[in-house]
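Trainee: Please take a close look at the aromatic rings and the nonpolar packing in this model.

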Amino acid sequence: MATFLYRLGRLAFARRRLVTLLWVAVLAVCGVLAAKAPAAPDDGFAMPGTEAQKAFDLMNERFPGGHADGASARLVFVAPSGQKITAAPNEQAVERTVAELAHGEEVTGAVSPFKAGAVSKDGTTAYATVSYSVKAGELSKGATDALEQAAQHGRDAGLKVEVGGNALMAKPEAGGSSEMVGMALSAVVLVITFGSLVAAGLPLLTAVIGVGLGMALITALGSTLGLSSTTGTLAMMLGLAVGIDYAVFIVSRYRAELAEGRTPQEAAGRAVGTAGSAVVFAGLTVVIALAGLSVVGIPILAKMGMAAAGTVVIAVLVALTLVPALLGFIGRRVLPRKARNGAVQPKKENGGSRWARFVLRRPLAVLLGAVIGLGVLAAPALDLRLGLPGDESKPTSTTQRRAYDLLSEGFGPGFNGPLTVMVDAKGTPDPKAAAGEVAKTVSGLPGVVSVTPPMFNKAGDTALLNAVPATGPSAAETKDLVQTIRGHAAGLKTATGATILVSGTTAMNIDVSQKLTDALVPYLAVVVGLAVVLLLVVFRSVLVPLKAALGFLLSVAAALGAVVAVFQWGWLANLIGVEQTGPVMSMMPIFMVGVVFGLAMDYEVFLVTRIREGFVHGEQPREAIVTGFRHNARVVTAAAFIMIAVFAGFIGMGEPMIKMMGLGLAAAVAFDAFVVRMTIVPAVLALLGRHAWWLPRWLDRLIPDIDVEGSKLQTAAPEPAPVRESVGV
């Protein structure tokens with residue numbers, strides 16, 4: 001492989017104008033296709049195989065035109081202090097507000113709280129539910145404006161009015177300012193690392209081109225493949241990070257080859273042949289981790305994974321072709337000014353080699369200290385509670401959060417998470433009796449505050465009733481109640497012949513969390529197993545891939561511990577603007593595994609391939625470790641800081657889930673890069689010595705020799721350039 005990539009790098013360098021024009025043309029074509037592509041459909045949040053989803057689908061079938069998946073708003077009215085909401089002036093103000101919305105755009109129904117009995121026992125609070133014909137996020141601006149105006153009219157009448165539900169739900173923040181912050185911090189890191197504005201700007205430019213192309217393709221194929229802007233959130237975040245990193249790896253090796261006295265074209269060829277090989281396999285591990293999200297069984301997560309995997313593939317191709325082409329235009333200007341006029345031999349000692357020698361002096365103590373430290377950080381993860389945070393996790397500055405709090409005060413915490421119980425009595429002799437028996441059984445269960453009368457469909461064979469728990473939507477007691485109701489389903493079916501299904505937002509969130517928890521171990525087995533096989537081929541070692549996988553698990557556990565400590569326990573929560581603690585987003589563990597595993601393997605492949613390169617070329621195991629760190633520790637550190645900067649930019653977002661993603665990913669990268677790869681890796685390799693590179697002979701014969709270290713390039717004579725070299729000086 002190294003020889004093939006060496007030739008590719010030389011060719012891209014020599015034919016730089018053609019290669020650059022091809023990339024620009026591809027980007028332009030994809031941009032035009034994206035601009036002309038029809039609007040992508042809504043992703044939805046289908047959970048195939050869960051009881052809540054089954055009930056949801058049946059609801060749409062048995063209650064046609066009911067818009068079970070439509071947006072809804074819940075207007076909460078609170079009377080002025082010392083007054084009742086049922087007082088004539090207040091009641092009239094509520095009725096006017098509801099009537100204003102009843103005939104509004106895309107509204108299918110708006111029921112007065114006084115007709116629906118939606119008034120608190122103390123008479124101070126009431127609520128009205130407004131239903132819409134379209135999904136949340138698809139409401140027209142006219143509909144949302146009308147909702148906000150109606151609420152304001154209620155406030156003008158002297159009432160406290162807040163709007164809950166999902167009608168005013170904003171799309172998740174995952175772009176704009178966060179990317180700009182990440183890019184700015186990345187630029188600072190690159191300038192410090194390379195000491196050259198030209199060298200610092202090249203990775204940023206190529207990363208933007210790669211992400212732009214990836215997002216354009218996602219938009220262009222959105223309607224065909226069912227992708228949407230939400231699908232591209234992960235692709236944008238990850239594509240930017242790995243795009244910068246992969247370009248940094250190539251540019252760093254190119255600078256090292258120039259420093260050893262090679263011509264620019266030869267340096268580009270060798271950079272792509274060596275560092276490019278590491279980029280290919282690092283990219284493959286990321287793709288495996290992202291594509292593996294398909295095994296979870298959640299369509300939107302699978303789409304996000306595949307879209308991000310495609311963007312990573314583009315980042316690899318950009319690094320292997322466009323980066324050496326642009327190096328052809330830059331030439332020696334990629335070096336600091338004082339090093340451009342002659343070959344400068346690389347330093348025998350630098351910060352990386354000094355750190356490696358420190359670890360090598362006391363490898364066992366360093367290893368134990370690092371493992372114990374990560375273990376302590378991971379301890380909070382033992383208390384991990386998963387859920388899908390709702391309005392209760394939003395900032396108190398939002399109307400959704402204020403509506404949630406007012407409903408909890410007026411009606412009890414469980415009122416924000418009612419359970420929808422579906423009674424499928426089709427084929428039973430007396431559907432009404434069956435539904436009545438179900439309502440009686442559910443209302444008698446501990447933890448149930450109230451149960452609404454059954455509401456039948458037109459056919460009269462299916463009924464819906466709402467059960468209000470005594471506890472909030474994310475409470476463990478509510479989850480137990482859902483399981484208790486489902487546990488009575490078999491007995492009720494025997495007694496009445498009806499099938500009982502529990503659904504609703506709360507039940508759906510519980511099912512999602514359980515499904516993700518159940519999928520975590522199989523997902524880990526698939527992703528880690530495939531990656532270990534891949535690393536076995538790359539390093540031709542049994543122990544190095546196992547060490548890489550175990551180190552990754554340590555870093556992810558520590559990052560999850562940090563997430564639990566901040567978002568669940570509330571440690572330092574005020575520092576990053578977390579106003580309400582609660583369960584960790586149910587997607588977080590599997591999401592972190594998918595993203596961080598690929599990124600962790602980037603550092604593993606790039607650092608350890610250089611160590612193995614020194615070993616293969618005749619150095620002693622310990623000296624090979626020092627050599628690898630002397631050449632690559634600085635660039636791996638820079639790459640890690642760039643990743644941390646990109647992810648940390650999301651901590652400042654207002655959406656709690658985006659904050660959680662930013663903190664979790666930034667912490668995981670920090671732990672993995674600086675504790676695992678830069679500390680545990682050299683300590684373990686030092687303790688293992690030559691045994692680190694042990695491979696059974698029978699396995700050695702089976703595994704293809706892909707020459708990631710570029711050993712064949714050491715003796716190969718440089719090929720003549722296809723065209724005359726002309727580079728900037």
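Mentor: What follows covers the ring pairs and then the nonpolar cores. This is a predicted model, in which local features need pLDDT of at least 70 and side-chain atom pairs count only at pLDDT 80 or more, while totals for chains, interfaces and linings use all residues. Residues are numbered from 1 along each chain as its sequence is written, and side-chain values use heavy atoms, with hydrogens and water left out.

The structure holds 10 aromatic pairs (rings of Phe, Tyr and Trp, the last by its six-membered ring, with centres within 6.5 Å; planes under 30 degrees apart are stacked, over 60 edge-to-face, the rest tilted). Phe 641 and Phe 674 form a tilted pair, because their planes stand at 50° with the ring centres 5.2 Å apart. This pair joins distant parts of the chain, 33 residues apart: Phe 641 lies in helix α22 (residues 621–648) and Phe 674 in helix α23 (residues 656–688). Helices here are DSSP runs of H or I, at least four residues, numbered from the N terminus. Phe 641 is partly exposed at 41% relative accessibility, and Phe 674 is partly exposed at 26% (buried is under 20%, exposed over 50%, partly exposed in between; 1.4 Å probe, protein chains only).

Elsewhere, ring pairs cluster Tyr 127, Phe 411 and Phe 415. The charged end of Arg 74 sits over the Tyr 127 ring, 5.0 Å from its centre (CZ of Arg or NZ of Lys within 6 Å of the centre and within 35 degrees of the ring normal).

As for packing, the largest nonpolar core has 180 residues, of which Leu 238, Tyr 246 and Phe 647 touch the most other members (buried Ala, Val, Leu, Ile, Met, Phe, Trp, Tyr and Cys joined through side-chain atoms within 4.5 Å). Apart from that core lies another of 27 residues, including Leu 75 and Val 98.

Technical notes:
Helices (H or I, at least four residues) and strands (E, at least two) are DSSP runs, numbered from the N terminus.
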